[in-house]
Amino acid sequence: MADSASAVADGGRDGAFVDGVVDTYERVAAIHHGTPATKRDGALELTRFEDVVAVTKRRDVHSIDPDAVAIVSMALGAGRPLIPLMLDGEQHTKYRKLLDPLFAPKQVARLEPVIRNLAEGLIDAFAADGEVDFFAAFCEPLPSQIFLSQLGLPLDDVPFLLWVKNGIIRPTDEEHLAAAGPKLIEYLDAELDRREASGEQQDDLIGGFLTAEVDGHSLTHEDVIDITFLLVLAGLDTVTASLSCMVDWLARHPAERDRLVADPSLLPAAIEELMRVHTPVVAGSRHATVDFEIDGVEVKAGDEMRVVWAAANMDPDTFPEPTSVDFARPNNRHIAFASGFHRCLGSHLARLELRVALEALHRRIPDYWLDPNRTPGYLNTAVVRCVDPLPLVFTPA
């Protein structure tokens, strides 16, 4: 039986195709056929929904092995732990208290007009053409522009920051991987120096970090860089990836797309269901700090665990008929945004961006299909799966 990581990766090469394109969730769902938590390659792999949720809610299970923090930080090119992703316990809690309110539902809701204007502007550029690489023209620039605006970074820097982000998440070669992280540190360092020299306090996220206090202490220059480094990676990639997977699926399922076009009020539930099925971040790692038992398997302090969000979202014990895409699925408590203490900080902003993006697309371009003369790029081997390029054809608007 295939492990969950290869179930996703193999979708690109061994015939896991539906209607000529990759549908990996059939393979991911198949790993649940009687498989408990199992050890693979030295790590305990958790695929059942309840197991993943239980483990990620334990304070004595950390996001990373403390002895590996320095190595992973160096591999990313950051040189220091990313905040708050690579922190646990009290350190993690104090930074989440600072960051969570900035991404709360009421806080991000005020961005809806900005997101809608940006989406409409991007669609204007290709609506009359009848064809587009939707990934390059919309999926990638929209979240990038939104996030850089919130951080207070120049939109002219989008190409550079996308190059950096791709170098860390899906590099073109070893040179790209080695250069990306240090270049981002250098860029953010220069931005903070520029702001300090100007003396001007800007009304954006970085400006907020520079004046924020945690436990009565201001954030250091390094703290702000380590927070912003992570936000650049997350903000410029996961919504892009999710949007590409959703539009690809809707282009291949015109009846369901037409339902959403006819009744946009269905979009929030549809987005939740498509997030469940196409969980963009397939898996994460966790580190046990005490002995305990999960699913009848003994875990020892120091053991590594792989929590597989994509597989948990296909658990038939939690999601009946998991491979069926049901926009009316009741109690859809998927964990596509992860679970537990390290649940995605930007999930509310992501949901808003996805809804507004699809509303704008369907209002302007209600009929779209995959271009039969160009091949979509199903990147299922990446840490974050996406469809790049995503060639579409449609009736010119």
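The questions and answers below cover strand pairing, salt bridges and a charged patch.

Analyst: The model is predicted: local features need pLDDT of at least 70, side-chain atom pairs count only at pLDDT 80 or more, and totals for chains, interfaces and linings use all residues. Residues are numbered from 1 along each chain as its sequence is written, and side-chain values use heavy atoms, with hydrogens and water left out.

User: Which strands are the edge strands of the open sheet of five strands?
Analyst: Strands here are DSSP runs of E with at least two residues, helices are runs of H or I with at least four, and both are numbered from the N terminus. Two strands pair if DSSP finds at least two bridges between them. The sheet has mixed pairing and the order β3-β4-β12-β9-β5. The strands that pair on one side only are β3 (38-40) and β5 (61-62).

User: Which residue in β4 stands opposite Thr38?
Analyst: Strand β3 and strand β4 (residues 43-46) run antiparallel and are joined by three bridges. Within β4, the residue opposite Thr38 is Glu45.

User: Which residue of β16 stands opposite Val132?
Analyst: Strand β16 (residues 391-394) pairs with β6 (residues 131-133) in the antiparallel sense over three bridges. Strand β13 (residues 368-370) also pairs with β16 in the antiparallel sense, over three bridges. Leu370 stands opposite Leu392 in β16. The residue opposite Val132 is likewise Leu392.

User: How many residues apart in sequence are the parts that the pair of Arg48 and Asp295 ties together?
Analyst: Arg48 and Asp295 form a salt bridge (a side-chain nitrogen of Lys or Arg within 4 Å of a carboxyl oxygen of Asp or Glu), with the closest N and O atoms 3.1 Å apart. Arg48 lies in the loop between β4 and α3 (49-56) and Asp295 in the loop between β10 (292-294) and β11 (297-299), so the parts tied together are separated in sequence by 247 residues.

User: What is the relative accessibility of Arg257?
Analyst: Arg257 meets Asp258 in a salt bridge with an N to O distance of 3.1 Å. Asp258 is partly exposed, with a relative accessible area of 39%. Arg257 counts as buried because its relative accessibility is 3%.

User: How many salt bridges does a search of the whole structure find?
Analyst: Some salt bridges link up in a network, which includes Glu112, Arg116, Arg355 and Glu359. For the whole structure, the number found is 26.

User: What distance separates the C-alpha atoms of Leu205 and Arg276?
Analyst: Leu205 is found in helix α12 (residues 205-211) and counts as buried at 11% relative accessibility. Arg276 is 71 residues from Leu205 along the chain, and their C-alpha atoms are separated by 29 Å.

Technical notes
Buried < 20%, exposed > 50% of the residue type's maximum accessible area, 1.4 Å probe, protein only.
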